[in-house]
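Reader: I would like to learn how to read a ligand site and a chain interface. Please take me through them.

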Amino acid sequence: MKHILVIDDAATVRLYHRNILETAGYSVDEAINGIEALEKALVTSYDLYIVDVNMPKLDGYGFLKEFRRQEDVLQSPAIMVTTEAGNQDKILGYVSGANLYMTKPTKPNQLLSYVRLLLGEVA
Amino acid sequence: MAFIKKQQSSTETEDERQAPRDFEGLCEELNHADSQVRRWAVRDLVEMPNASSVLVDRLEHENNVSVRTGILNALAQLRDTVSLNGLIECLRSEDAALRNESIEILKELPDEVGAILENLLKDSDSDVRIFAVNILESLRHENVEKWLISVIEKDSHVNVCSTALDLLSEVGSEQAIPAIKKLKVRFPDEPYVCFSADLALKRIEEGSQ
Amino acid sequence: MPAINISDEDFLKFKEYFYRKTGMLFEDSKRYFVDKRLIDRIEATDSGNFRNYFNQLRFEVSGEELQQLVNVMTVNETYFFREEYQFKCLVNSMMDEVTRKKKDDSPIRIWSVPSASGEEPYSIAIYLLEYWSGIHRWDVEIMSSDIDTKIIAQARRGHYSTRSVMNLSKPILAKYFTPQAGGYQICEDLRQAVEFSRVNITNAVDVRNYRDIDVIFCRNLLIYFDDASRRQAAEMFFDAMKEGGFICLGHSESMSRISSLFRVRKFPDAIVYQKPWEA
Ligand SMILES: C[S@@+](CC[C@H](N)C(=O)[O-])C[C@H]1O[C@@H](n2cnc3c(N)ncnc32)[C@H](O)[C@@H]1O
């Protein structure tokens, strides 16, 4: 079963994404900000990361930049999820190491199609 | 080679505080190349009158995280109009880390922020309104629920409403129920809004039993 | 004599005061624990009631009674080789990185705070002697501090219960301890290896002299603090550390809820936090 880490400071958003992903057959872990995400991602090899941008302590860009620097961990893909959809933000997201960009609030179908795409599950 | 104990001289001698500790000296140190020196200058400036405006100015081009954190903490300590405005300006920054750090700091100033929160909730930038709702989270203010209800009734931006809704599911009472139900009607095509509205309604109902 | 009573209001006042002085915040669930100790001190000082005692406490110049109170309010529980994976990380990874980056042969400085009765700093010393070959090439300075003067005296003495040494292997026990009535006495060499001091980590004056630290252990203290004092403590540690220095927190404490000043570093034995190098 593919293992996904959902990173968001809002508990409701984490629960929403968890429900969608679990229903689709993935197993899900959660982190409340970039630091907790790093603590988890450096010891568990997740298959995919779903990353919010604005979070206290360490934001989504900061998490990805730091995560992408790590040499001895599996560099799985990441979807950046954010309320900001300006081009500047997208560029920042990609530069930080995001593979895809989604605008909040997410729709289950779109989320799942992105997830499948990045996990190479598209038929 | 082995274990040793501290030689008395090794500690008290080297002081980060190099320049004179008067206002001018400290302002100069705010531009020092060494970030440790800048951090100490920030610390000592907090004790001085009129420090807020130099600190706010420095914040704009300070890119060392630890010095920046020091300045934000100092502004929170100073709590005057200039510092407060400086912190609020950070909410508009292009820099996500700065935005989020200032939100955390503003959360610790309930009285000061409470007074201007209504304006922030009406800001033309939807992101600033979201941050304002984030700040509300820790504001133990009697109006919090009222403000949140008015956000989900009136704000046109779905993410501002969602953020307020998240918070209402924690602090909301029966008063909030009609507004939450209406929100579902306002954004019928947003599964997330329906999800979190239902969650909020469930929590409020459970809480009132 | 009428029984001494601590009212809700008294509790609140005391809680506020103690928090400001020490950073420790008592939840209402600790009410029984706090009341009992307060009453003990009110009796021991013959103050008669909370009000008299509290006034004495606040206006006493020497701070002696506050220290007494701190000594009874702290939770000093600790033991040898507690959360051992971090000591493994110290000798397998952190020490080598610290020495690799050093520009001179000045001593490596380790600060273990809070020390409680000393098991933690002594464990560090034992680990370095047993498992880190660099100890033959480098000078290491182990400092250890606590706010509780009684417990520091105990740490200096180095007498331990059987329970406290429970995690130690027979060879280690035989090498560094001698059995004694009711427990074990730590050897003189180790007693000499650690410098104990009284420090309140929320007091800027107390911590001023701690600078250029390479590795900090701050375990099972911040759990007793609230968010603001935790953040303050993190800032203080940041200033006390060398660039590239490491800090280890207790098992249930995470920087993710405290501060963004440090980087997360992964080593084979543990995840620790690091003060970033100046870019
Ligand atoms: C549970 S012990 C932890 C001992 C050891 N570090 C460990 O992890 O086993 C907590 C200690 O924190 C000390 N302490 C509490 N507040 C403190 C403060 N503000 N500054 C320094 N030490 C403090 C107490 O005296 C107590 O000995």
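Author: Start with polar contacts, meaning pairs of N or O atoms within 3.5 Å; within protein, one must be able to donate a hydrogen and the other to accept it, and residues adjacent in sequence count only if both atoms are side-chain atoms. Here a ligand oxygen is 2.6 Å from a side-chain N or O atom of C:T78. For the side chain of C:R82, an N or O atom is likewise 2.6 Å from an oxygen of the ligand. The protein covers 99% of the 600 Å² of accessible area that the ligand has on its own (Shrake-Rupley method, 1.4 Å probe; for residues, only the protein chains shown count as cover).

Reader: What should I know about the model and its numbering?

Author: This is a predicted model: local features need pLDDT of at least 70, side-chain atom pairs count only at pLDDT 80 or more, and totals for chains, interfaces and linings use all residues. Residues are numbered from 1 along each chain as its sequence is written, chains are lettered from A and ligands numbered from 1 in the order in which they are written, and side-chain values use heavy atoms, without hydrogens and water.

Reader: How many salt bridges are there between chain B and chain C?

Author: A salt bridge puts a side-chain nitrogen of Lys or Arg within 4 Å of a carboxyl oxygen of Asp or Glu. Chain B and chain C have five. One pairs C:D239 with B:R43, at 2.7 Å from N to O.

Reader: How many residues are in contact there?

Author: Contact means heavy atoms within 4.5 Å. 26 residues of chain B touch 31 residues of chain C.
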